[in-house]
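This report covers a helix pair, a chain interface and salt bridges. The sequence and structure come first.

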Number of protein chains: 2
Amino acid sequence: MDQMFNLLLQDVYYAEKALLRALNKMAKQATDEKLQKAFTDHRQETEGQVERLEQVFEMFDKKPRAKKCDAILGIIAEGDEVMEKAEDENVLDAGLIAAAQAAEHYEISRYGTLAAWAAQLGNAQAARLLNETLEEEKKADALLSEIAESAVNRQARAA
Amino acid sequence: MDQMFNLLLQDVYYAEKALLRALNKMAKQATDEKLQKAFTDHRQETEGQVERLEQVFEMFDKKPRAKKCDAILGIIAEGDEVMEKAEDENVLDAGLIAAAQAAEHYEISRYGTLAAWAAQLGNAQAARLLNETLEEEKKADALLSEIAESAVNRQARAA
């Protein structure tokens, strides 16, 4: 169990670092101001999440190491495709939100598993840290849904 | 928007078909009876979800087509790695649950986006079908969490 926990930690560590770079790019490309701010804020939050992961590695006497995560690379590649192909601003923002929510849900599943496993391995402190990040990811996902809805309503009023 | 909706539909269509094969394998490998049943039941449910996607393609006058989805392939590859490397039954089942929950969350994010976009495109009937699947995916995820917890409690009692 120890070994599998460590592998999953390495997977998420890789994913968070890849997302740091992706969120930078997405914040620059987004056209809606609220969405830009959401990406910039979440980028900053992600830095804290990377630090928490490093603390969890330490709590289990492991060196922080990143293991390539194909799932997050696939999700990020989709975001890149949206940025290349979107025919207008609304479609661009909607596509960026979709890609970001796929990333959030990937992380929600991973942190849910990691928090449960940390508790199972008897490390309540690590479980608490992982649950803190889990709550942040859920909030980030909910905020993106809100932004998507308010953008749609704005477009409907303008039409 | 139409075009992006269709691309995302093709992505999820690919993902569901890949999961049909993966769930078969996972049901065979799982050792916990409840988990086996959950995988077998969800495989059957997934067949219905594939049919719903085909109906949605039709509602938008599109041919059902699958577009390779690297995210789901990454998640499925992780499940395969678990099956190869797990050192005992409990670790195997826990790893399979983790991989399946990553897949569920991928789908939850995709169906959430698709349902919102279908509504935005004025197709309430398609939105309803997509929301039905969304609710099934959420339930499947919750059931996996329950099975994980009850397995941990059983192990704790046996220890």
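## Helix pair H3(A) and H4(A)

In this predicted model, the axes of H3(A) and H4(A) come within 9 Å and cross at roughly 175°; the axes are lines fitted to C-alpha atoms over the stretch in contact, with angles from 0 to 180 degrees between N-to-C directions. H3(A) and H4(A) are therefore roughly antiparallel to each other, a label for angles over 145 degrees. Helices here are DSSP runs (H or I, at least four residues) numbered from the N terminus.

Contact (heavy atoms within 4.5 Å) involves residues of H3(A) including A:Ile72, A:Ile75 and A:Val82, and residues of H4(A) including A:Leu92, A:Leu96 and A:Tyr106. The residues of this contact divide into 11 nonpolar, 2 polar and 1 charged. In this grouping Ala, Val, Leu, Ile, Met, Phe, Trp, Tyr, Cys and Pro are nonpolar, Asp, Glu, Lys and Arg are charged, and the others, Gly among them, are polar.

## Interface of chain A and chain B

Chain A puts 31 residues in contact with 31 residues of chain B. Between them the two chains bury about 2300 Å², 59% of it on carbon and sulfur atoms; buried area is the accessible area (1.4 Å probe) that two parts lose on being put together, summed over both. On the chain A side, A:Met4, A:His105 and A:Arg110 lose the most area to chain B, together 18% of what that side buries.

The rule finds 4 salt bridges across this interface, a salt bridge being a side-chain nitrogen of Lys or Arg within 4 Å of a carboxyl oxygen of Asp or Glu. A:Glu78 and B:Arg110 meet in a salt bridge through their side chains, at 2.5 Å from N to O. Helices H1 (2–29), H3 (70–85), H4 (89–120) and H5 (124–158) of chain A each give two or more residues to the side that touches chain B. H4(A) supplies the largest share, 15 residues. That side of chain A divides into 15 nonpolar, 9 polar and 7 charged residues.

## Salt bridges overall

Over all chains the structure holds 20 salt bridges. A:Arg43 forms one with A:Glu47, with the closest N and O atoms 2.4 Å apart. Both residues lie in helix H2 (residues 33–59) of chain A, 4 residues apart, about one turn of the helix.

## Basis of the values

Residues are numbered from 1 along each chain as its sequence is written, with chains lettered from A and ligands numbered from 1 in the order in which they are written. Local features need pLDDT of at least 70, side-chain atom pairs count only at pLDDT 80 or more, and totals for chains, interfaces and linings use all residues, while side-chain values use heavy atoms, leaving out hydrogens and water.

How values were computed. Angles under 35 degrees count as roughly parallel, over 145 as roughly antiparallel, 65 to 115 as roughly perpendicular and the rest as oblique.
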